[in-house]
Amino acid sequence: MTTRTVRLGPLSVKMYCAIGMIAVSWAQLEDMVSLCISRLLGTDHTEFLPVASNMQVKARFDALKAIAGLRLPPDEAKALIARCDEALELGRERNKILHGSWIQGETDDVAIRLNYRAHGRISADAPVISAREIAEISDRITMLTEGFAQTLQRLGLFDPRNPMRNPARGPVNETAKPPETTAD
C-alpha cells in the first residue's frame, strides 16, 4: 500500500485556482451552448435565456445535437454533435473536480480527491491530481467553447466583437419599429 502525505488545512492557492478554472471554463461552455441553440433556432438570445437557464446541461447538449441535425449541413452537424459528446465526457471530469472532496497533497501543486460511490456497493478511491492536470482539462473545455463559437461564426451567427448581437438581426438593442401609418 502506498503511503501518501497530506497537509492539514486548506488547499493551496494553486489548487484553488485550478479548480476555479474548471468552474469558469465550464460556465463559458454552458453559455456558448445556449447561444448556439438560440442562434440555430433563430431566436433572440436574451429572450431564450429564461428557457436555457431552466434546462439541465445534458438537455442543452441533447437539444443542440437535435437542432444541429435539422438545421446544419451534414458535415457541420456531425462535427457539432461530436463536440457535444466530447463536452459531455468532460462534464463528468468537471463534476468530479468541482464536487470532489479535496485534501492538500504534500506539495502546493498536488491534491488528493476523495471519491465515494454507493451504487449497490460502497467503493472509494483517492487519486492524486496536480493543478496542471486540472488546468489541462480546463483548457480542453475552453477549446470546445472556442470550437462552438467558430462554428457559429462560420455560419454568420456570431460576432466576436459583440457576442450578444445576432449578425443576422442587427444591433443587440435594436427594437422593432411600428409600421408607419400614412394619412389617406
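Reader: At what angle do helix H1 and H5 pack, and how far apart are their axes?

Author: This is a predicted model, where local features need pLDDT of at least 70, side-chain atom pairs count only at pLDDT 80 or more, and totals for chains, interfaces and linings use all residues. Residues are numbered from 1 along each chain as its sequence is written, and side-chain values use heavy atoms, without hydrogens and water. Helices are DSSP runs (H or I, at least four residues), numbered from the N terminus; axes are lines fitted to C-alpha atoms over the stretch in contact, with angles from 0 to 180 degrees between N-to-C directions. Helix H1 (residues 13-41) and H5 pack with axes 9 Å apart, at an angle of about 15°.

Reader: How are H1 and H5 oriented to each other?

Author: Angles under 35 degrees count as roughly parallel. The angle here is about 15°. H1 and H5 are therefore roughly parallel.

Reader: Is Arg60 buried or exposed?

Author: Arg60 is found in helix H3 (residues 57-71). Buried means under 20% relative accessible area, exposed over 50% (1.4 Å probe, protein chains only). Arg60 has 9%, so Arg60 is buried.

Reader: Which side chain makes a polar contact with the side chain of Arg60?

Author: A polar contact is a pair of N or O atoms within 3.5 Å; within protein, one must be able to donate a hydrogen and the other to accept it, and residues adjacent in sequence count only if both atoms are side-chain atoms. At 3.3 Å, the partner of Arg60 is the side chain of Ser34.

Reader: Is Asp159 buried or exposed?

Author: Asp159 lies in the segment after helix H5 (131-154). Its relative accessibility is 8%, so Asp159 counts as buried.

Methods: Helices (H or I, at least four residues) and strands (E, at least two) are DSSP runs, numbered from the N terminus. Angles under 35 degrees count as roughly parallel, over 145 as roughly antiparallel, 65 to 115 as roughly perpendicular and the rest as oblique.
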